[in-house]
Structure formats: C-alpha cells, structure tokens
Amino acid sequence: MTRQLLGEMNDVSQRHGAVLVVVSLVPGTHYAKYLATRGIRMIDCARDLTPSLKVTGEGHPNGEMHAFWSRCIGDALVREHLLDGRGSEPAAH
C-alpha cells in the first residue's frame with residue numbers, strides 16, 4: 001500500500017510541476033530500490049536512535065537527533081538544488 005501511495009504522490013507532484021522527495025529517518029528502509037526504479041528522490045538521513053539521542057524517560061528523539069535530521073535534510077536539498085542554501089526555493093530559470 002505504501003508503494004502505491006508513494007507512486008501516486010509522485011504522479012500528482014509531477015502533474016503540478018513539483019518534485020517528490022522522500023526522507024529516510026530510520027536505518028534499513030526497504031523502499032530505496034522502489035523509489036529509485038520510479039525516479040523518486042530519496043534523502044538518506046537514517047541514523048540509529050541510541051539512548052543518547054532520545055528524550056530521557058521516553059522513546060522520542062531529542063533535540064540533538066532533530067538537529068541532525070534538520071542539517072541532513074537541509075544539506076541534501078541544497079546539494080540537489082531544491083533549496084538555495086538560505087532556506088528558500090532557488091530562483092526559476
């Protein structure tokens with residue numbers, strides 16, 4: 001079902017001139033091959049959620065983990081020319 005949904009999201013994005021980008025936040029995603037065959041971009045920001053990256057007493061990611069994900073996603077979007085490095089979309093050509 002997830003693969004079908006990702007395919008439909010990609011189709012809708014393309015019809016509207018947008019780019020679908022899927023971000024992997026956990027190691028071992030099994031969608032990478034499917035995304036590649038569909039031409040869907042994937043940003044790999046997977047990292048093990050160790051105890052030092054969790055809120056004490058909870059299982060939720062802490063600020064350090066969120067900061068890592070934020071940098072990883074932002075850097076990848078700049079590398080892929082989807083952001084200009086200042087947090088906005090690049091100018092149209």
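I started with the link of cysteine 45 and cysteine 72, which is left-handed, with -95° about the S-S bond. The pair ties together parts that are 27 residues apart in sequence, because cysteine 45 lies in the loop between β2 and α3 while cysteine 72 lies in helix α3. I noted the S to S distance as 2.0 Å; a disulfide here is a pair of cysteine sulfur atoms within 2.5 Å. The structure holds 1 disulfide.

Before going on, I wrote down that this is a predicted model, where local features need pLDDT of at least 70, side-chain atom pairs count only at pLDDT 80 or more, and totals for chains, interfaces and linings use all residues. Residues are numbered from 1 along each chain as its sequence is written, and side-chain values use heavy atoms, with hydrogens and water left out.

Are the two cysteines buried or exposed? Both cysteine 45 and cysteine 72 are buried. The cut-offs I used are under 20% relative accessible area for buried, over 50% for exposed and partly exposed in between (1.4 Å probe, protein chains only).

Next I looked at helix α3, which covers residues 63–79. Helices (H or I, at least four residues) and strands (E, at least two) are DSSP runs, numbered from the N terminus. With 17 residues, α3 reaches 24 Å from its first C-alpha to its last, close to the 24 Å expected at 1.5 Å a residue; the expected span is 1.5 Å times one less than the number of residues.

Which residues of α3 are buried? I found Met65, Trp69, Cys72, Ala76 and Leu77. They sit on the same side of α3 because they cover an arc of only 125° around the axis, the arc being that of the directions from the helix axis to the C-beta atoms. On the other side of α3, Gly63 and Ser70 are exposed. The buried residues pack against β2 (41–44), and contact means heavy atoms within 4.5 Å.

I checked both ends of α3 too. At the start, a side-chain oxygen of asparagine 62 comes to within 3.1 Å of the backbone nitrogen of glutamate 64. Just after α3, histidine 81 has a positive phi of about 60°.

Then the cores. A nonpolar core is a set of buried Ala, Val, Leu, Ile, Met, Phe, Trp, Tyr and Cys residues joined through side-chain atoms within 4.5 Å. The largest one has 8 residues: Ile43, Cys45, Leu53, Met65, Trp69, Cys72, Ala76 and Leu77. Its largest share, 5 residues, comes from α3. A second, separate core of 6 residues includes Leu6, Leu20, Val22 and Tyr34.

Last, I went to helix α1 (residues 2–15), where asparagine 10 is found. Asparagine 10 counts as buried because its relative accessibility is 4%. Leaving aside neighbours within four places in sequence, asparagine 10 is in contact with Leu20, Arg38 and Ile40.

Not counting residues up to four places away in sequence, serine 13 touches Ala18, Val19 and Leu20.

Aspartate 11, another residue in α1, is partly exposed at 32%. What does the side chain of aspartate 11 make a polar contact with? I found the side chain of arginine 38, at 3.2 Å. A polar contact is a pair of N or O atoms within 3.5 Å; within protein, one must be able to donate a hydrogen and the other to accept it, and residues adjacent in sequence count only if both atoms are side-chain atoms.
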